[in-house]
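Okay, everyone, thanks for coming. Let me put the structure up, and then we'll walk through it together.

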Amino acid sequence: MVTKAYAYNSPTKRSLWIREIKKSRHYYALMAPYAILFLTFTVLPVIMSLGISFTYFNLLEPPRYIGLDNYIKLLLDDDVFIIALRNTLILAVVTGPVSYLLAFVFAWLINELRPKMRAFMTLIFYAPSISGNAFLIWLLIFSGDIHGYANAILIRFGFMTSPILWLRNPDYMMMVIIIVQLWLSLGVSFLAFIAGLQSVDKTLFEAGAIDGIRNRWQELWFITLPSMKPQLLFGAVMQITTSLAIAEVSMQLVGFPSVQYAGHTIVTHLIDYGSTRFDLGYASAIATLLFVLMISTNLLVRKVLRKVGD
Amino acid sequence: MTDAKRLPKILSFKRTRKLNRSLSGDIALFSVLVLFGLFSAFPLVMTATNAFKSLDELFLFPPRIFPRNITFDNFRDLSELVGNSWITFSRYFFNTLLITILGTVGHVLIASMCAYPLAKFKFPGRSIFFTFVVYSLMFAPQVTATPNYIIIARIGLIDSPFAIILPAIASSLGLYLMKQFMQQIPDELIQSAKIDGASEYRIFFQIVMPLVKPAWLTLIILLFQRLWTTDGGSFIFSEELKPVSYALRQIAAGSIERAGTIAAVSFIMMVVPVTFFIISQSRIVETFSHSGMK
């Protein structure tokens, strides 16, 4: 202990450190523009959000410290937030794992195709996520009158006699959001899986066959999955973050606010208080809770996924 | 292998089956793939073809995938609707173009400059900075929306395209992917350039940047889709600074009668990023093979 403390304070160590920093000045210079923007628009806002969440703040008057009031109101006194929290968790628990699984399964199947076909299928699955607001076509598919495609098909084939108001009836809203979100969700993680599968060492499969691997499922479990672990971890981060932040689809399809808040999520609640009501203290409390929820889910899932194949 | 042998010649004429792949499994799994492929493609195909349908054909049942009478009415209606606004459509379009180009170019350049030292050198502060970047991937940008508004207002960027551009440049996914991709550049290349007397900056611009072109494309498409569809949010008030997506959204905000116009709008917004992806797909996928996390 003594020697350690001594070493830390010794002038030689410190001057070495300073010399190290001086030597790296070109690196700092290269990093500076990004670092400044990153600190301003990502790190600082997280800290500010935490700070503002303990205040009452409406942008016009200076913020007033109110302790934990926002959090107490949020958790004990805001029924709409509880609905939003429930909806967010349902959406995340359904769309998160399902889209993660689909992204992997499709990538895995596509990987067996010949290059031209592979490129085509990749495009088919990836395109929805980069098509801007093309998801508005679902407004037409789930339109509440008999012209909506879903209603028309179900009535034509005799499953029902009168049209369903898919986007206005609280019983169906979540289902619609889930379907559209899944359609949109084969994004970055899907590409990561496609790329990861292509870079798995091909000789491993031959070696595996000699060692007694008999079918594609064993091959998947014993060879492919373990060699793709880094991409699997990256994909999980992307998928968790998106699935907990669902808002755009809900607002555009079922409205904002939706009937009986049936499509309300934490993010739409945040937008409601931040941009409509200008209660920034309360909005920050929502944001801080969401931040904690996202980070902790990510760390937890990472811990689990790291064990795959160990 | 055995399956292929037992089957009549016609079914197995193509080639011998791959290692550990049964024909029945192939058929089952690829049917699933085709089924979901149709599910994925159907809305996009409908969006594209609806843009060229007349209203009565739009609501026909069973819906025709390909219109019988191709019409440009929807685009005409669209241009009429935007023609009625006091800002010309080209002005909205110019605003979007400005935001998209400045944002993507700035992001590729600035994120790469930052990624290079992170990927290739050890220096004080490196690992803590990168840890911050990885953590920032774990929460959605909506979390920081409120304080971001305050910061942008403080800097005086409200009602300026830079209110959209600057935060986009700082997007951390691009930096992360660029850094991971740069890690595979051989150290010897950089070392030998150093021995030849090239400065760090010269090495970065003349050796490293040309080598990471695939990653540029990836950063471009990721940021492109974000900026291309931005509607200016609460940051841009002046009508003459609003981006095209805002104008289109106003138009599309009608009910079902506007379905044709919505389709025309969606079609325009969709074609650009999708075309870009088709052209650069193989290099984008290449970038992602280095995306892995530990």
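So, how many helices and how many strands does chain B have? Chain B has 14 helices and zero strands, where helices (H or I, at least four residues) and strands (E, at least two) are DSSP runs numbered from the N terminus. Keep in mind that this is a predicted model: local features need pLDDT of at least 70, side-chain atom pairs count only at pLDDT 80 or more, and totals for chains, interfaces and linings use all residues. Residues are numbered from 1 along each chain as its sequence is written, while chains are lettered from A and ligands numbered from 1 in the order in which they are written.

On confidence, the model scores ipTM 0.89 and pTM 0.88. Chain B has a mean pLDDT of 86, with 89% of its residues at 70 or more; pLDDT is the predictor's confidence in each residue, from 0 to 100. The stretch to watch is residues 9-14 of chain B, where pLDDT stays under 50. For those residues the model has two contacts beyond four places in sequence, a contact being two residues whose C-beta atoms, placed from the backbone, lie within 7 Å.

Back to the chain as a whole. Of the contacts in chain B with a separation of 6 or more, 73% are between residues 24 or more positions apart.

Now the interface. Chain A puts 87 residues into the contact and chain B puts in 78. On the chain A side, helix α3 (residues 25-52) gives the largest share, 19 residues.
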